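Here are a few friendly notes to read alongside the model.

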Amino acid sequence: MGASLLVSEQEYLTTSYEPDCEYDEGKLIERNTGEMPHSILMGACATFLHERRKQYGIQVLLILRIRIAPGTYRVPDVCVYKQPAPRDPIPSSPPFIAIEILSPEDRMGRVRKKIDEFLAFGVTYVWVIDPEARRADVYTASGFYEAKDGVLHTEDPAIEVPLADLFQALDD
């Protein structure tokens, strides 16, 4: 990963980056993306949830810039809003679920910081999915746990995502 580049918030908001970057008080922060397992799982998560969007009353969005604090923007791999979802081009309200798919280059310190920021912002569930280990962890304001039963769960609405369905996409 390269060094952080200083830019104004206005420049960040009016510039497209490939892949999109996050922004923290003037610094562009590169995101680890682009490897096949990461991309496959991101698509599998989004597809699974999108196909059930009416049942759950949700909207599923990929790689969306979200303003989590003044001068701070994060870009979860997948985010899920309860309906009615915000209509702002760059939401400043927390999603119900923020999903992060790990890449081999991800460092736990950076991932943990992002999880903490999402939870402090009011995200109800943060799901961290590891394609290499084929496991997932769930973070909430009350703590975290591994999805040992093989299912990612939420309450209100009650969403269930079988990890086997997601990981099957890596083998197809």
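1. C45 is buried, at a relative accessible area of 3%. Here buried means under 20% relative accessible area, exposed over 50%, and partly exposed in between (1.4 Å probe, protein chains only). The closest cysteine sulfur to that of C45 belongs to C79 and lies 12 Å away, too far for a bond.

2. Before going on, please keep in mind that this is a predicted model, where local features need pLDDT of at least 70, side-chain atom pairs count only at pLDDT 80 or more, and totals for chains, interfaces and linings use all residues. Residues are numbered from 1 along each chain as its sequence is written, and side-chain values use heavy atoms, leaving out hydrogens and water.

3. How many disulfides does the structure hold? There are zero, counting a disulfide as a pair of cysteine sulfur atoms within 2.5 Å. C21 is in no disulfide either, and its nearest cysteine sulfur, in C79, is 17 Å away. Like any residue under the cut-off, C21 counts as buried, with a relative accessible area of 9%.

4. As for overall dimensions, the C-alpha trace of the chain spans about 45 × 35 × 30 Å along its principal axes.
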